[in-house]
Amino acid sequence: MVATYEQLKEALQDHRKTLLAELADIDSRKGEQMIGYETHQADAATRAFDQAADLALRNNTAKMLREVEDALARFDKGNYGVCQGCGDKIDIARLEAIPHTGLCLRCAETRDFRANRYS
Ligand SMILES: [Zn+2]
C-alpha cells in the first residue's frame, strides 16, 4: 500500500491523540503515587522504580509528541515530506513507515550516527 499525504496526515493526527492520552494517563498515575506514605521498604523501592520508568516513558512520549506536532506543522507550512536536512523529497515508503520523520533516510542515518556517538 502506498499512502497519500492526506492519509499520512490523518495517521499523524491519530498518533497525536494517542500520545496526548498516554501523557494524561502517566500524569494521573503520578498523582496517585504522591498520595499515601511508605509502609514498607520494598514498596518504596518498587515505587521509586515505577516513577523512574514513568519518567522515562513520559520523556519518550513527550519527545514523540513534539515530533508528531512538528510534522503536522510542516503540513500547514506546505513542506511536509521535504527533508529538513538536505531539502530532497522524502521517499513515500519511508513516510509511510515513519509518518513523523522530517529527514530522508540518508540524513537520518547521519544524524543517528552522531547521536550515538555523542550520547
Ligand atoms: Zn536528507
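Pro99 is found in the loop between α3 and α4 of a predicted model. Pro99 is buried because 24 other C-beta atoms lie within 10 Å; a residue is buried if 20 or more other C-beta atoms lie within 10 Å of its own, exposed if 12 or fewer, and partly exposed in between, with C-beta atoms placed from the backbone. The protein has four helices and zero strands, and its pattern along the sequence is α-α-α-α. Helices (H or I, at least four residues) and strands (E, at least two) are DSSP runs, numbered from the N terminus.

**How to read the model**

- Residues are numbered from 1 along each chain as its sequence is written.
- In this predicted model, local features need pLDDT of at least 70 and side-chain atom pairs count only at pLDDT 80 or more, while totals for chains, interfaces and linings use all residues.
- The average pLDDT of the protein is 88, and 85% of the residues score at least 70; pLDDT is the predictor's confidence in each residue, from 0 to 100.
- Among the elements, helix α3 (residues 92-97) has the highest mean pLDDT (95), and helix α4 (residues 105-118) has the lowest (75).
- Where pLDDT is low, the predicted coordinates should not be read in detail.

**Pro99 and its contacts**

- Pro99 is in contact with Leu8, Ala11, Leu12 and Ala71, leaving aside neighbours within four places in sequence; two residues are in contact if their C-beta atoms, placed from the backbone, lie within 7 Å.
- Between Pro99 and Leu8 there are 6.0 Å from C-alpha to C-alpha, although the two are 91 residues apart in sequence.

**The whole protein**

- Of its 119 residues, 9% count as buried.
- Of the contacts between residues at least 6 apart in sequence, 59% join residues at least 24 apart.

**Helix α1**

- Helix α1 spans residues 5-34 and includes Glu10.
- Glu10 counts as partly exposed because it has 13 C-beta neighbours inside 10 Å.
- Asp25 and Arg58 are 33 residues apart in sequence, and their C-alpha atoms are 9.8 Å apart in space.

**Helix α2**

- Helix α2 (residues 41-77) has 37 residues and reaches 53 Å from its first C-alpha to its last, close to the expected 54 Å; the expected span is 1.5 Å times one less than the number of residues.
- Helix α2 is hardly covered, as two of its 37 residues are buried.
- After α2 comes Gly78, whose phi is positive, near 80°.

**Helix α3**

- Ala93 lies in helix α3.
- Ala93 counts as exposed because it has 11 C-beta neighbours inside 10 Å.
- Ala93 and Ala3 are 8.0 Å apart from C-alpha to C-alpha, and 90 residues apart in sequence.
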